[in-house]
Amino acid sequence: MGVIGRARMAHERPGRRHPLVEAAAVDLRAGRLDRREFLRFATLLGVSVAAARSIAGDPARAQGVATAAASENREPRFGGVLRCGMPIQPLVDPARFAWIEMSNQVRHQLEHLTITGPDNLTRPMLAAGWAASDDLKTWTFQLREGVRWGNGDAFSAEDVAFNMARWLDPETRSSNLGLFATMTEADPNAADSEVVAGGWARRAIEGALEVVDPLTVRLHLASPVLAMPENFYNYPTAILHRGYVGEPLWEALGTGPYRLVESAPGEFARLTRVAEQAYWGAEIPHIGPGYVDEIQYRHFDPGDPRVKEALNAGEIDLTYEIDLESPQAGPQGPEARLLTIDTAQAPCLRMRTDLAPFDDPRVRRAIQLCCDARAYPDALFDGRGRVGEHHHVAPIHPEYFPLPRQRRRVEEARELLAAAGYDDGLDLVLDVGNTSGPWQERCCRLLSEQAAEAGIRIEVNVISAAEYESTWRFRPFGLTQWVHRPLGTMALSLGYRSGVPWNETRYANPEFDAALTRAEALLDLAARRDAMEEVQRILQRDAVMVQPCWRPVAILASQRLRGLAPHPSLYHQFNNVWFADA
């Protein structure tokens with residue numbers, strides 16, 4: 001049968017309420033679950049946002065889109081050119097996107113099955129809805145009728161099957177292999193050393209994906225996963241036409257309201273409205289029609305202070321992000337406003353566990369113990385952000401388990417170094433590319449200062465953003481900026497499971513893998529949170545990284561823009577953005 005199966009039996013379809021929703025409602029009413037967690041849980045299980053809010057006792061907001069922008073969308077206007085300052089990176093196969101900026105260039109052309117809003121709630125996009133089996137091992141996605149590609153072809157289950165087969169094919173070399181790991185198995189035929197080393201030595205389980213009918217697909221998982229709808233809005237999961245053969249993305253067919261017509265790395269990119277056919281999502285409030293005539297991107301390096309000058313001069317209308325501890329974030333001109341949002345974005349100063357000296361856990365632990373994480377939010381983000389705990393699960397994640405705060409212990413770090421054979425200390429090089437601004441270099445230098453007291457001499461090696469972006473997975477010791485994910489388990493599955501493509505530390509611990517799988521499989525939210533204690537403890541104990549803080553996201557935007565809400569992942573969602581004076 002291969003990767004893609006065909007319909008075998010009748011099964012649940014979207015519209016059936018999962019039995020766990022009522023159980024979660026009972027927990028909500030009893031105070032064991034807060035409203036935000038209930039809404040996320042219910043919507044992941046296929047309940048609409050409006051219905052979930054109604055169950056939660058908030059009928060006044062039940063029909064609205066829960067974003068700060070919703071109240072501004074009462075009298076939107078069409079027209080105008082939206083101009084954004086953002087690094088313009090070379091475009092590759094979307095399945096191999098490794099940076100948000102790449103995906104933003106085509107986000108309004110190539111769409112996703114689902115869409116997660118600034119409120120962290122996941123809603124249908126190209127999918128009309130979904131349903132999960134009681135054990136969360138079978139997911140059925142119903143696709144929208146009437147969606148057309150740019151050439152007039154009807155969007156169908158064959159397009160979804162084509163994309164998923166590519167993601168799960170090791171030859172594609174997509175990070176999605178880690179995200180959909182429960183649909184894959186080790187590939188015994190993998191021989192290419194680069195494939196094995198890169199983490200692509202997995203393949204789809206036979207029959208993992210089933211085409212039920214032209215508008216229905218079904219996923220068969222080896223173990224339960226709650227986050228499946230959110231996985232489809234991870235930025236390398238854009239849906240391409242089933243005829244895609246790797247052509248430049250401005251020639252690729254899309255389902256969105258805009259088409260990429262120009263892209264010059266390091267210079268600019270431009271998207272224009274598709275005029276040939278009506279946009280299918282125009283009447284859906286959380287998607288929107290696409291009010292502006294054109295979206296333009298102008299290249300600015302991360303942290304470039306001129307981006308603020310360009311906004312105040314009216315040359316651009318918003319920035320991709322800004323450094324909160326820099327002149328960019330100082331007093332704004334009359335045309336600009338500062339927008340911030342709490343996120344699970346994180347700097348990870350991670351170590352390659354397969355390379356000396358980081359193959360010795362005593363060395364890694366010594367480096368981690370030198371970190372006083374309390375200093376980082378003030379030093380990097382003007383007091384904003386949260387203190388990190390070196391396990392990549394944030395307090396805003398619903399499954400987060402609060403561990404005792406880890407304190408700086410310099411004497412213990414010295415003892416560990418001596419036991420590892422480094423009585424005279426240790427010399428290291430820490431690479432940083434400032435891929436999202438100079439705060440990353442400041443982060444590295446702060447760790448260097450803190451580690452010096454234990455005899456760990458860290459040279460901070462600043463390279464270009466472009467060089468780091470192309471080599472980040474291979475750096476022995478480097479700072480990588482990890483984007484916000486709605487669930488902590490998503491980040492852990494992408495970055496720390498054994499052998500997955502984005503496992504930049506080359507961490508391989510069967511104990512951790514099993515604990516993460518157990519946590520993902522638990523349907524009861526309280527039990528799931530309790531299970532995450534073990535997951536977080538193992539990752540923190542094995543010290544594959546120093547993760548000192550959670551960083552806030554900030555952008556500058558023109559006062560003229562309406563309908564704009566910054567996304568915690570810095571994903572651009574401009575369909576509902578319009579100009580007050582257009």
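**Burial, rings and helices**

Author: Met228 counts as buried, because its relative accessibility is 1% and buried means under 20% relative accessible area, with exposed over 50% and partly exposed in between (1.4 Å probe, protein chains only). This is a predicted model, where local features need pLDDT of at least 70, side-chain atom pairs count only at pLDDT 80 or more, and totals for chains, interfaces and linings use all residues. Residues are numbered from 1 along each chain as its sequence is written, and side-chain values use heavy atoms, leaving out hydrogens and water.

Reader: In which helix is the place of Met228, and which residues does Met228 touch?

Author: Helices (H or I, at least four residues) and strands (E, at least two) are DSSP runs, numbered from the N terminus. Met228 belongs to helix α8 (residues 228-231). Contact means heavy atoms within 4.5 Å. Leaving aside residues up to four places away in sequence, Met228 touches Trp139, Phe141, Phe180, Leu219 and Leu221.

Reader: How many Å apart in space are Met228 and Leu44, C-alpha to C-alpha?

Author: In sequence, Met228 and Leu44 are 184 residues apart. In space, their C-alpha to C-alpha distance is 7.7 Å.

Reader: Is Pro476 buried, partly exposed or exposed?

Author: Pro476 sits in the loop between α14 (465-471) and β19 (477-482). Its relative accessible area is 36%. Pro476 is therefore partly exposed.

Reader: What kind of aromatic pair do Phe358 and Phe477 form?

Author: Rings of Phe, Tyr and Trp (its six-membered ring) pair if their centres lie within 6.5 Å; planes under 30 degrees apart count as stacked, over 60 as edge-to-face and the rest as tilted. The whole structure holds 19 aromatic pairs. For Phe358 and Phe477, the values are 5.2 Å centre to centre and 55° between the planes, and the pair is tilted.

Reader: Where do the two partners of that pair lie?

Author: Both Phe358 and Phe477 are buried. The pair links distant parts of the chain, 119 residues apart. Phe358 is in the loop between β15 (336-351) and α10 (361-369), and Phe477 is in strand β19.

Reader: Is the peptide bond from Ala356 to Pro357 cis or trans?

Author: Pro357 is placed in the loop between β15 and α10. The bond from Ala356 to Pro357 has omega near 0°, and is cis.

Reader: How are α16 and α17 oriented to each other?

Author: Axes are lines fitted to C-alpha atoms, for helices over the stretch in contact, and angles run from 0 to 180 degrees between N-to-C directions. The axes of α16 (residues 510-521) and α17 (residues 525-542) come within 9 Å and cross at roughly 160°. Angles under 35 degrees count as roughly parallel, over 145 as roughly antiparallel, 65 to 115 as roughly perpendicular and the rest as oblique. So α16 and α17 are roughly antiparallel.

Reader: Is Asn434 buried or exposed?

Author: Asn434 is not a glycine, yet has a positive phi of about 50°. Its place is the loop between β17 (426-432) and α13 (439-452). Because its relative accessibility is 13%, Asn434 counts as buried.
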